[in-house]
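Dear colleague,

I am passing on the structure that we spoke about, and below it you will find my notes. Please read them with the structure open beside you.

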Amino acid sequence: MTGSVGLSVLTAAGGLTLADGPSELPSIDDFLPPEILFQGTPFAMNRIILIRAIMTVVLLLVFGITAKRAKLIPGRWQGFVEWMIEFVEYNVVYSTMGELRGKRYVPMCCTIFFTALCFNLCGVIPGFNIAATATIAMPLMFALWTLVQYWRSGIRSNGGLGKYLKKELFPAGVPWPVYILLSPIKFLEIAVIQPGALTLRLFANMVSGHLTLATALVMTDWYIIQVHNAAMMPVGILWFLFGFLMTAFEIFIAALQAFIFSVLTAVYINSSYPEDE
Amino acid sequence: MTTLADGNGIDLFIPKTYDIFWSFIILVILAVFFYKFFLPRFQKIFDERAEKIQGGMDKAAAAEKEAEEAKKKYEDQLTQARVQASKIRDDARAEASHIIADARSRAESEAAQISANAQRSIESEQQQALVSLKGQVGTISVALAGKILGKELKSDAVQSDMIDSVLGDLEDESKED
């Protein structure tokens, strides 16, 4: 659903470029920026990867210093960080799979949640203006990690690959002819659909968010500054208000997508465990 | 300007090699950071805090117990003191009534003695008065009778008869009183 919203905005933005309007409207090129460092090598960097690297350094510094200076009696910032950790621990992991099973997955869900949150927020940070998760590779990495993790936990907890696949592909209590249809679908689900959905959900949200926000700001600039026409002023102001609203919405989306991604990771891992445990 | 209409929108969904490389490196760095440093560090803080709070709560519980004991002791003492006080009061009251009763009985016996003494002295005085009166009345009445009867009553025998009869009358009169 979010993907389709993204696409409609995408085409809307595309359509607008055809008109004799602002020349800097966002396009999908924003997500395929030219390589600016180490061009042509397998470790070339483009704008988004650079943003990602900078955000990583910031994240390591901020959270590293916070952890280093963590005290028994927390200050406000430490309290906030602890609140987020406990949020992931209890509301994401333990509420999904319980404390006993979930304990070992807390670091993973924390990593995904904090990283996704910070990377998503780059979309509204002035200067960055695009989420660090806004190329397919980053959400894909998260999703592959999730995939590997739930296959591993499934194989371990079910006692072998065969037993895990039997549990996933041939659920008990189903008449055998149904397996002909069900098993391939189930296999597709645990191998492709689940990680694919994770990837696309996050990526499409970031793409659509950037397109909407950038469109609003470009249009604001166009109607208020570029077009010298007082009659168009209110339109520009409306675009500005829309941009304002979308910025707030994007902050919300950044947190929401980080939350959804980590929750679904926990859910997928949990469903890989044997049912009767 | 590239749009979806240009047909390379699919590029969005095909990860570049270098993008995969950097995403992977960054994710590994962040995962190591969260696994090895950030979370263990906070876990340690959480544990320490829990321990401290537990210790504080234990201490508070001990203090509460102590206070409870002290209160009980104090209340016991208070009850004891109250009992003692009421006992003392009762004793005092009993003694007081004892003293009053003693004093009363002593006073009563003294009063009885005094009145008995008074009675006795009155009686003896009365006796004395009677005796002395007897003599005087005899003399007076003899003199009076002598004067009335002339010399007829000069003999001693007549005189004492007369006196006795008069006294007898007097005694009768006093008995009638």
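This is a predicted model: local features need pLDDT of at least 70, side-chain atom pairs count only at pLDDT 80 or more; totals for chains, interfaces and linings use all residues.

Asn129(A) sits in the loop between helix 4 (106-121) and helix 5 (137-158) of chain A, and although it is not a glycine, Asn129(A) has a positive phi of about 55 degrees.

Phe38(A) also has a positive phi, of about 50 degrees, without being a glycine. Phe38(A) belongs to the loop that lies between strand 1 (35-37) and strand 2 (45-46) of chain A, and it counts as exposed because it has 11 C-beta neighbours inside 10 Å.

Turning to the two chains together, 36 residues of chain B are in contact with 38 residues of chain A. On the side of chain B that touches chain A, these residues divide into 24 nonpolar, five polar and seven charged.

Helix 5 of chain A packs against helix 1 (residues 17-149) of chain B at an angle of about 55 degrees, with the axes 9 Å apart, and that angle makes helix 5 of chain A oblique to helix 1 of chain B. The crossing of these two helices is right-handed. In this contact, helix 5 of chain A contributes Ala137(A), Met138(A), Met141(A) and Trp145(A), while helix 1 of chain B contributes Asp19(B), Ile20(B), Ser23(B), Phe24(B) and Leu27(B). Sorted by class, the contact has seven nonpolar residues, one polar and one charged.

Methods. Residues are numbered from 1 along each chain as its sequence is written. Chains are lettered from A and ligands numbered from 1 in the order in which they are written. Helices (H or I, at least four residues) and strands (E, at least two) are DSSP runs, numbered from the N terminus. A residue is buried if 20 or more other C-beta atoms lie within 10 Å of its own, exposed if 12 or fewer, and partly exposed in between; C-beta atoms are placed from the backbone. Two residues are in contact if their C-beta atoms, placed from the backbone, lie within 7 Å. Ala, Val, Leu, Ile, Met, Phe, Trp, Tyr, Cys and Pro count as nonpolar, Asp, Glu, Lys and Arg as charged, and the others, Gly among them, as polar. Axes are lines fitted to C-alpha atoms, for helices over the stretch in contact, and angles run from 0 to 180 degrees between N-to-C directions. Angles under 35 degrees count as roughly parallel, over 145 as roughly antiparallel, 65 to 115 as roughly perpendicular and the rest as oblique. A crossing is left-handed if the near helix is turned anticlockwise from the far one by less than a right angle, and right-handed if clockwise.
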